[in-house]
Amino acid sequence: REGLDLVMITRDNGIRKKPGELALLKEHGARALFLTGKHDMTRWGKFSLLVRNWDHFERKFDREGPGPWPLSLTPSGFRDIVL
């Protein structure tokens with residue numbers, strides 16, 4: 001919907017292998033942050049990762065504006081996911 005200014009945050013490690021889901025993100029202009037990585041994180045690990053990177057994420061959120069833009073966050077940092 002217009003004007004909601006929302007971002008989906010999820011732990012879907014295999015998003016790049018799901019063309020149907022990526023197509024829906026693109027079709028609906030979704031902005032999504034995927035917590036990815038080689039090892040599963042605890043709830044506290046995921047929360048800590050978000051908090052440590054929140055300032056950088058907010059700057060990217062403001063800079064990128066409306067979607068679609070899927071973004072991956074790992075302990076090593078952010079990466080764009082190509083639609």
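Among contacts in the protein chain between residues at least 6 apart in sequence, 63% join residues at least 24 apart; a contact here means heavy atoms within 4.5 Å. The model is predicted, so local features need pLDDT of at least 70 and side-chain atom pairs count only at pLDDT 80 or more, while totals for chains, interfaces and linings use all residues. Residues are numbered from 1 along each chain as its sequence is written, and side-chain values use heavy atoms, with hydrogens and water left out.

The protein chain contains two helices and four strands. Helices (H or I, at least four residues) and strands (E, at least two) are DSSP runs, numbered from the N terminus. Along the sequence, the pattern reads β-α-β-α-β-β. The radius of gyration is 13 Å, close to the 12 Å that the globule rule gives for 83 residues, so the chain is as compact as a globular protein of that length. This radius is taken over C-alpha atoms, and the rule is 2.2 Å times the number of residues to the power 0.38. Along the principal axes, the C-alpha atoms fill a box of roughly 30 × 30 × 20 Å.

Buried residues make up 35% of the 83 residues. Buried means under 20% relative accessible area, exposed over 50%, and partly exposed in between (1.4 Å probe, protein chains only). The accessible surface of the protein chain comes to about 5,900 Å², and 54% of this belongs to carbon and sulfur atoms. Areas come from the Shrake-Rupley method with a 1.4 Å probe; for residues, only the protein chains shown count as cover.

Trp44, Phe47 and Val51 make a nonpolar surface patch of about 380 Å². Patches are made of residues with over 30% relative accessible area and no salt bridge; like charges are joined within 9 Å, nonpolar side chains (Val, Leu, Ile, Met, Phe, Trp, Tyr) within 5 Å. Phe47 lies in helix H2 (residues 43-64). Its relative accessible area is 46%, so Phe47 is partly exposed.

Two salt bridges are counted, each a side-chain nitrogen of Lys or Arg within 4 Å of a carboxyl oxygen of Asp or Glu. Lys60 pairs with Glu64 (3.0 Å, N to O). Both lie in helix H2, four residues apart, about one turn of the helix. Lys60 is buried, at 8% relative accessible area. Glu64 is partly exposed, at 35%. Lys60 also forms a salt bridge with Asp80, the closest N and O atoms being 3.2 Å apart. This pair links distant parts of the chain, helix H2 and strand E4 (residues 77-80), 20 residues apart. Asp80 is exposed, at 54%. Through shared partners, salt bridges join Lys60, Glu64 and Asp80 into one network.
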